[in-house]
Amino acid sequence: MTDTVSFGYEQVAPEEKTARVGGVFTSVARSYDLMNDAMSGGMHRLWKDRFVRRVKPRAGEQILDMAGGTGDIAFRLAKSGAAITVADINPAMLEVGIDRAQHRGIDGLVWTEANAETLQFPDRFFDAYTIAFGIRNVTDIPKALGEAHRVLKRGGRFFCLEFSTTLWPGFAQIYDVYSHKIVPKVGKLLAHDEDSYRYLIESIRRFPDMPTFERMIADAGFVNTKVEPMLGGLVAIHSGWRI
């Protein structure tokens, strides 16, 4: 990894990014659903439904939902009867997820604090690895992808849902204005935190485009990689298999 990494539009030391990203998510944890609604116009719920349908969780499977602290993906996966481990580096996000699970009467999920770059799980343990709107906040993305590959069984599947860059003419310009000008103001209004929302938008702009990220997944050892763009690539489902 290089001496500096991107934190939004800034270049900072890797350890500084890890700490500052932690601060962002500690700040927004209790308003995370509002944040997602503000950034996607509420469409994140439909994207997550589609994402889980692509994962095709099955009863008895072991699935790791990384960066899944608030439980949005885990709750959907758990309906299949699969055994879900929810991992997140941020304890504040996990607290929100645990509270939400208790409120909904959802039992049986395993909640654990974990860094995507240095997972504590054994080799070839999980049938599937999911990460939704979390990979762009990881300090060392190739390292996290390598860890995802390591903990998957042979035949295990990797699925990532992440913002990207829309290729639709006209819509890209409209979304650019909306995200940079409006979303931070909504963050200030709803969560009293304009700076965290601004970072989250900037992190989307700095994330690799779809072909580049697909190559990164392949470089980590995954095969049969695939990208499924939505809204012209504003959001994309990336997938790959471990053999």
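Let's start with Gln62, which sits in strand S3; helices here (H or I, at least four residues) and strands (E, at least two) are DSSP runs, numbered from the N terminus. Before going on, a word on the source: this is a predicted model, where local features need pLDDT of at least 70, side-chain atom pairs count only at pLDDT 80 or more, and totals for chains, interfaces and linings use all residues. Residues are numbered from 1 along each chain as its sequence is written, and side-chain values use heavy atoms, with hydrogens and water left out.

Is Gln62 buried or exposed, or something in between? Gln62 comes out as partly exposed, because its relative accessible area is 26%. Our cut-offs are under 20% relative accessible area for buried and over 50% for exposed, with partly exposed in between, using a 1.4 Å probe and protein chains only. Setting aside residues up to four places away in sequence, Gln62 touches Ala83, Phe125, Phe126, Asp127 and Ala128, where contact means heavy atoms within 4.5 Å. Its C-alpha atom is separated by 11 Å from that of Leu109, 47 residues apart along the chain.

Now let's look at the sheet around S3. Seven strands make up an open sheet with mixed pairing, and the order is S5-S4-S3-S6-S7-S9-S8. Two strands pair here if DSSP finds at least two bridges between them. At the edges stand S5 (110-113) and S8 (223-230), each with a single partner strand, so one side of each has no neighbour in the sheet. On average, neighbouring strands are turned by 15 degrees against each other, direction ignored. For angles, axes are lines fitted to C-alpha atoms, for helices over the stretch in contact, and values run from 0 to 180 degrees between N-to-C directions.

Moving along the order, S3 (residues 62-66) pairs with S6 (residues 126-132) in the parallel sense over four bridges, and Asp65 stands opposite Thr130 in S6. S6 and S7 also run parallel, joined by six bridges, with Cys160 in S7 as the bridge partner of Ile131. How many residues of S7 are buried? Nine of its 12 residues are, so to speak, under cover: S7 is mostly covered. Helix H6 (residues 141-151) lies across S3, S6 and S7 (152-163), running at about 145 degrees to S7.

In the loop between S6 and H6 you'll find Phe133. Phe133 has a positive phi of about 55 degrees although it is not a glycine, and Phe133 is buried, with a relative accessible area of 5%. For another positive phi, go to Asn224 in strand S8, at about 50 degrees and again not a glycine. Asn224 counts as exposed because its relative accessibility is 63%.

Phe133 also brings us to the packing. Which residues touch the most other members of the largest nonpolar core? Of its 44 residues, they are Phe25, Trp47, Phe51, Ile84, Phe133, Leu161 and Val235. Helix H8 (residues 194-206) gives the largest share of this core, five residues. Apart from it lies another core, of 26 residues, including Cys160 and Phe222. By nonpolar core I mean a set of buried Ala, Val, Leu, Ile, Met, Phe, Trp, Tyr and Cys residues joined through side-chain atoms within 4.5 Å. Phe25, not counting residues up to four places away in sequence, touches Tyr32, Asn90, Met93, Asn137 and Leu200.

Ala74 belongs to helix H4 (residues 72-78) and is buried, with a relative accessible area of 0%. Leaving aside neighbours within four places in sequence, Ala74 is in contact with Asp65, Ile84, Val86 and Leu109.

On a 1 Å grid over the protein atoms alone, a cavity is a set of points where a 1.4 Å probe fits but cannot get out, while a pocket is an open set with protein on both sides within 12 Å along at least five of seven lines; lining residues have an atom within 4 Å of a point. Grid points are joined across faces, edges and corners, and a volume is the space filled by probe spheres set on the points.

The largest pocket has a volume of about 340 Å³. Among its 21 lining residues, Val21, Asp88, Ile89, Gly134 and Asn137 lie nearest the centre. The largest cavity holds about 110 Å³ of space, and S3 and H4 are the elements that give two or more residues to its lining.
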